Amino acid sequence: EWCNSKETQKLSAIEKSGNRIAGIVKRIQFIRHDHCKVYQGSEKIIDIRQNLNIFWLEDEDSCFIEFSKMLGKKLICDVTRAVTIKEAGILLSENNYDVAFFEFKLPDGESLKLLNFMREEKIKIPVIVLTGFGDEVIATRCIEAGAHGYLSKENITPDILHQGIERAFEKFHLETDMNKAMKKIADMATKDELTGLYNRRYMQDVFERELKYSRRYDTDLSCMILDLDYFKKVNDSYGHNCGDIILKKFSEILKQVTRDLDYVFRYGGEEFLILFTRTGVEGVTVAAEKIRMACESEEYSYNEHKIHVTVSIGTVSVNQLFQVQVTDIIGFADKALYQAKKDGRNCVRAYIEQSVYPKELKI
């Protein structure tokens, strides 16, 4: 019996500690991590004693006053009020709030309209919708539109209001974490970890899709393969860390000189491939020369060293080719790249064909 009593006391203490930790975690969910205070000179730390910034859309004065009093019993908060959807849209666009309460029925429409506006404008905060009576259909519509909670005004107490905020925060943070995880998974599947460019696995899918589009709608499509000249010497002389710095910087150059319509891939090692949509022979030639010149004039810094690296480029325009596959197109661009290297590097060469499988490369 004595042992059982001891164990019971330990379990009780553990339970109390767990409840305290759970309370701290819930409190952390309310904290805005961009609100900091200066600590020991210039160091900044997150201010955990911060007011909760609440937005409330309510057209009835008596309801607003009553719920504001309820909030004050449980939270340290600042409440901003709007009485119409139009006014709410302006305030939500111009200010940052931690959580929002929307009355469902308003003089200028339903708050679903405001939820749709927030989704379009990418305004991301937890939203709780309130109505004067419980209605599962309305609740479902609000949740589907992006609300994170739903409360009936009937029998609301300070505790129920506070619990509603907690649940909305939990759902909002879970949703945010899931979106970040999904984006991370998508990036891992399509992006090169070092450069942030699209990877070779993703290239095949994009190339096939754009080639089909080009043929179906008779639009131009061009391919470019780039290879950094004598890059092995850079790695041998300065180390792979220096090489990685140059690869990342060169990738930034490629992003800057290409359009949103184009696709930039790390093809492998120091080789890159760019797919230029709606671009023919002249356009890809101009783009290639622009990239070559940008690379030639760039100076890379590593420790005390100043390093220059040039690039060789081979291009091909798909609209000149007849019913060839992606591998063929890449092969043609690769042949043009080989010619650029043969001609001394730091230059651009274009593949021009007279038949499907020409006997010789014409530059």
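This talk walks through one protein chain, from its overall make-up to a few individual residues.

Please keep in mind that this is a predicted model, in which local features need pLDDT of at least 70 and side-chain atom pairs count only at pLDDT 80 or more, while totals for chains, interfaces and linings use all residues. Residues are numbered from 1 along each chain as its sequence is written, and side-chain values use heavy atoms, with hydrogens and water left out.

Let me begin with the whole chain. It has 11 helices and 16 strands, where helices (H or I, at least four residues) and strands (E, at least two) are DSSP runs, numbered from the N terminus. Of the 363 residues in the chain, 40% are buried; here buried means under 20% relative accessible area, exposed means over 50%, and partly exposed lies in between, with a 1.4 Å probe and protein chains only. If we take the contacts (heavy atoms within 4.5 Å) between residues at least 6 apart in sequence, 62% of them join residues at least 24 apart.

Now to the cysteines. How many disulfides does the structure hold? The structure holds zero, a disulfide being a pair of cysteine sulfur atoms within 2.5 Å.

Next come the aromatic rings. A search of the whole structure finds 11 aromatic pairs; rings of Phe, Tyr and Trp (its six-membered ring) pair if their centres lie within 6.5 Å, and planes under 30 degrees apart count as stacked, over 60 as edge-to-face and the rest as tilted. One of these pairs is F55 with F102, an edge-to-face arrangement with 6.3 Å centre to centre and 90° between the planes. Because F55 lies in strand β3 (residues 52–57) and F102 in strand β5 (residues 99–103), this pair ties together parts that are 47 residues apart in sequence. Both F55 and F102 are buried. Another pair is W56 with F67, which is stacked, at 5.5 Å centre to centre and with 20° between the planes. Here W56 lies in strand β3 and F67 in helix α2 (residues 61–74), so the pair ties together parts that are 11 residues apart in sequence. W56 and F67 are buried as well. Elsewhere, ring pairs link Y198, Y202, Y263 and F265 into a cluster.

Staying with rings, which residues lie over the face of Y230? K233 does, at 4.8 Å from the ring centre, and R345 does too, at 4.5 Å from the ring centre; the criterion is that NZ of Lys or CZ of Arg is within 6 Å of the ring centre and within 35 degrees of the ring normal.

Let me turn to T195, in the loop between α6 (158–190) and α7 (200–217). Is T195 buried or exposed? With a relative accessible area of 6%, T195 is buried. Its side chain makes a polar contact of 2.7 Å with the side chain of D192, a polar contact being a pair of N or O atoms within 3.5 Å where, within protein, one must be able to donate a hydrogen and the other to accept it, and where residues adjacent in sequence count only if both atoms are side-chain atoms. A polar atom of the T195 side chain also lies 3.2 Å from the backbone nitrogen of L197. Leaving aside residues up to four places away in sequence, T195 touches L247, K248, S251, K255 and R266.

D218, in the loop between α7 and β10 (221–228), has a positive phi of about 55° although it is not a glycine, and D218 is exposed, with a relative accessible area of 71%. R278, in the loop between β12 (271–277) and α10 (281–297), has a positive phi near 55°, again in a residue other than glycine, and R278 is partly exposed, at 45%.

I will end with K306, in strand β14 (residues 305–307), which counts as exposed at 51% relative accessibility. The side chains of K306 and S301 are joined by a polar contact of 2.9 Å.
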